[in-house]
Amino acid sequence: MSATIEKTDVLVIGSGFGGAIAAYHLAAGGAKVTVLERGPWLKNDEFEHDYKLGSSYTRIFDFVVGDGMSVLGGNCVGGGSVVYFAAMPRAPEFVFDRHGSIGRRMWPTSVSRETLDPWYDRIEESLSVSRQEWSDASYAGGLWAAACDHAGRTANPLAAAIDNSRCVNCNFMMAGCRFEAKQSLTVNYLPAAIAHGAEIRPLHEVQHLTRTPDGDYRVHYNIVHDEDYRLQNGSGVIEAKIVVMAAGAGATPVILQRSEAHLGTMPRAVGRYFSGNGERLNTAVLNEDKVAEILGLTRGGGDLPYGANAIGKGPTVASWDKLDGSLPEYSRYSLEQLYFPPGLGTILAQVPDATGPTWFGKEKKEILRNWKSWLTIFCMTEDDNEGVFGPPPATGNSHRISQQMLGRGNLSYRPTENTWHGWNQADADVKEILEKDGLAKVMPWTNDLVGAYTVHPLASCRMGDDPDTSALDDTNELRGHSGIFVTDGSAVPGALTVNPAMTIAALAERAVPHIVAAAQDKGIAVAYGAPAPAGYKSGRKGVLPLLKRKQLAGV
Amino acid sequence: MQTARRIPERRVDIGDEATITLEAYADTIVPGAKRWPGDRAIAGVSSDGGAVAAGALDLLRWDATGIHDGLEDLAGRANGHALAYAERAGLELDAAVPPFVALDYDDRVRLIQELTTPGHPEKDFWVLLSLFCNMAFDSAAHLHTAQALEDGHPGLTAMGITQPDTDGLWRFQDFGYGRQLAAPHPHTTHSGSPA
């Protein structure tokens with residue numbers, strides 16, 4: 001029977017940052033690489049400007065409602081990089097010294113901002129991350145900067161992986177960028193991986209892993225219908241010597257939970273310590289007269305002084321005044337201007353000073369009339385890693401309700417006092433900045449409908465030094481299951497106080513030489529050392545000296 | 001611009017009682033103007049189109065939502081809760097329309113607040129129903145956006161969403177104030193990250 005089973009050297013689950021980066025390097029190094037992606041593979045002209053169910057807006061997203069936490073993630077070839085807003089800041093130094101809920105440093109000793117910097121450099125080179133200029137900031141970002149300045153705060157244009165020469169400021173980034181302005185993995189790592197022989201299979205949803213008699217892994221998948229994800233079109237298996245798990249922090253632990261019956265006991269931290277990156281949203285409704293009078297802003301041409309909620313490219317400006325390592329844990333956060341499209345979160349915005357219900361009804365309709373004058377502020381705080389996954393659903397990571405996007409999952413999240421402390425401080429800060437002199441009225445989004453809400457799920461299968469509170473060692477290998485590596489957001493130990501894509505990607509780059517070494521040990525002919533996907537080599541020069549075999553553990 | 005769909009759109013048929021009940025529910029989420037004198041579903045607390053005029057029932061009945069098969073049941077439950085609410089509140093309901101429809105706007109609001117309060121055993125259903133009612137208005141999730149705008153969709157129009165270019169894509173040539181508006185944080189790296 002085994003003669004008929006398909007085999008590959010390295011099987012990668014998921015094609016977002018964690019999967020694409022590993023796939024590229026392993027394929028470029030000579031391994032046979034197969035990538036299974038549960039979502040569809042959209043080409044550029046399929047990225048639509050359309051909110052209709054069934055358009056790219058819903059095809060490439062996965063929105064899983066849990067008990068106390070809802071998670072928005074990517075669901076397509078390219079994963080989160082296709083739906084993200086390309087904000088790519090490095091995590092501040094203090095983040096790596098966080099203790100969180102465990103009373104000791106939660107990151108592995110070998111990972112700090114200093115040791116991660118060369119890997120961040122590689123990502124900056126590979127994804128063309130650049131420091132944005134003030135001239136790149138959207139009206140919403142400019143307004144946020146002006147309000148911060150008026151309140152005596154600083155504000156920065158965000159580092160971003162966007163080619164501004166191609167960007168049309170359509171604010172449809174979440175539906176995929178058809179202009180190739182956003183540096184999604186579909187324009188760098190993935191085509192480079194394919195050029196080196198990697199094979200990517202969309203609509204293949206991995207369910208669980210088993211072992212083969214000779215110690216390899218057998219990966220079991222279902223084929224998902226390309227339009228109605230509630231339907232399945234068969235199943236199959238592939239055997240691999242090495243498995244790289246990068247299904248996302250909402251899915252990787254679920255696959256491992258389902259595999260436990262076959263592979264043996266999983267580390268305790270699989271499916272625990274989930275973090276929503278401490279995220280929290282606030283909606284401000286601007287007083288346009290005050291915007292003109294107090295901030296001196298104007299758009300000319302008869303337009304409102306601000307009134308530009310729809311215009312831009314996600315977040316463009318953030319305030320980092322509270323990213324101060326001398327402050328106590330749970331009181332450090334960034335405040336970032338963000339665009340949130342209609343449909344996905346409008347219902348959670350609450351009416352300031354409501355006399356009736358805050359999220360629906362007459363008064364809610366009135367603030368919807370002022371939607372153009374909304375400014376959304378995204379607070380990334382420090383949470384307590386309090387998310388825990390319950391028993392896995394029958395297939396995938398949720399019970400799918402709608403044909404696409406919407407499902408019900410088994411993540412439970414009960415925010416602790418620490419987490420609430422961070423959220424409350426951030427909310428109060430946003431209010432202080434934006435309500436100063438009557439500029440705006442501000443309310444946080446409600447947690448009462450779908451719980452808290454994260455677009456950056458993390459830490460559900462995290463790395464660390466302590467086997468009791470981390471699922472992975474500091475090489476991203478799953479404890480007790482050699483040959484399984486986890487390289488997605490679930491490996492990040494905790495909230496980062498900034499957008500995490502840069503850190504997820506840098507950790508994946510850092511994990512690659514360890515995966516290569518493990519593959520070599522299993523007899524796979526593979527080498528490490530490929531340049532950036534576009535062929536640039538300066539970043540490679542920075543990390544190659546770190547990779548002498550005897551020093552590998554210290555990378 | 002619009003990708004051809006291969007699965008034909010299917011909408012479930014629901015009875016008159018369920019329809020008017022769900023219209024009344026949707027109208028409580030995003031209120032609208034009465035469509036005709038004596039319109040019982042629409043409470044009439046707003047002067048222009050709300051969720052119902054935006055097409056809430058079209059969206060709810062579409063099988064893509066996953067809520068379509070439960071609509072009759074939800075309408076029945078809404079009416080059951082309305083009866084119990086009226087009894088508690090000492091209200092006498094007009095028997096000519098379903099109980100939820102017989103409630104006035106403020107009572108409909110209070111009942112939906114009860115049903116969506118964390119801890120209510122049916123909360124998930126009512127939140128889902130509310131979510132889709134709201135989506136009909138704020139994103140016209142049952143219609144192609146550009147076409148909906150062209151046809152004067154009440155929600156997208158009220159929110160001030162502009163028309164796209166002729167190819168159905170949005171582009172904004174003027175997108176920012178184009179000048180520095182705050183001092184950057186002193187500990188910023190050369191590539192624009194926090195130190």
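I will start with the record. An unreviewed UniProt entry places "domain: Glucose-methanol-choline oxidoreductase C-terminal" at residues 453-508 of chain A. What we are looking at is a predicted model. In that model, residues 453-508 of chain A are 14% helix and 9% strand, with the end C-alpha atoms 25 Å apart.

Chain A has an open sheet of six strands, paired antiparallel, in the order β5-β11-β12-β13-β10-β17. Which strands stand at the edges? They are β5, residues 156-157, and β17, residues 440-444, both of chain A; each has a single partner strand, so one side of each is left without a neighbour in the sheet. For β17(A) that partner is β10(A), residues 279-286, and the two pair in the antiparallel sense over five bridges. Within this pairing, N282(A) has P444(A) of β17(A) as its bridge partner.

A helix goes with this sheet. Helix α10 of chain A, residues 417-435, lies across β10, β12 (334-338), β13 (374-380) and β17 of chain A. The angle between α10(A) and β17(A) is about 170 degrees.

Next, β16 of chain A, which spans residues 405-413. How do its pairings run, parallel or antiparallel? With β3(A) the pairing is parallel, over five bridges. With β14(A), residues 387-389, it is antiparallel, over three bridges. With β15(A) it is also antiparallel, over two bridges.

The largest pocket holds about 630 Å³ of space. Its lining has 36 residues, and those closest to the centre are V65(A), R408(A), K123(B), D124(B) and F125(B). Elements from chains A and B each supply at least two lining residues: β3 (61-67), β15 (399-400) and β16 from chain A, with α3 (71-89) and α6 (123-138) from chain B. Which element gives the largest share? It is α6(B), with six residues. By type, the lining of the largest pocket divides into 17 nonpolar, 10 polar and nine charged residues.

Fourteen residues line the second largest cavity, and L53(A), M405(A), L406(A), F132(B) and M135(B) lie nearest its centre. The elements giving two or more residues to that lining are β16 of chain A and α6 of chain B. The largest share, three residues, comes from α6(B). What is the make-up of this lining? Nine residues are nonpolar, five are polar and no residue is charged.

To recap, β16(A) and α6(B) each give at least two residues to the lining of the largest pocket, and both also contribute to the second largest cavity.

Methods: Residues are numbered from 1 along each chain as its sequence is written. Chains are lettered from A and ligands numbered from 1 in the order in which they are written. This is a predicted model: local features need pLDDT of at least 70, side-chain atom pairs count only at pLDDT 80 or more; totals for chains, interfaces and linings use all residues. Side-chain values use heavy atoms; hydrogens and water are left out. On a 1 Å grid over the protein atoms alone, a cavity is a set of points where a 1.4 Å probe fits but cannot get out, and a pocket is an open set with protein on both sides within 12 Å along at least five of seven lines; lining residues have an atom within 4 Å of a point. Grid points are joined across faces, edges and corners, and a volume is the space filled by probe spheres set on the points. Helices (H or I, at least four residues) and strands (E, at least two) are DSSP runs, numbered from the N terminus. Ala, Val, Leu, Ile, Met, Phe, Trp, Tyr, Cys and Pro count as nonpolar, Asp, Glu, Lys and Arg as charged, and the others, Gly among them, as polar. Two strands pair if DSSP finds at least two bridges between them. Contact means heavy atoms within 4.5 Å. Axes are lines fitted to C-alpha atoms, for helices over the stretch in contact, and angles run from 0 to 180 degrees between N-to-C directions. UniProt positions are given in the numbering used here, feature names are shortened, and annotations may be inferred rather than shown by experiment.
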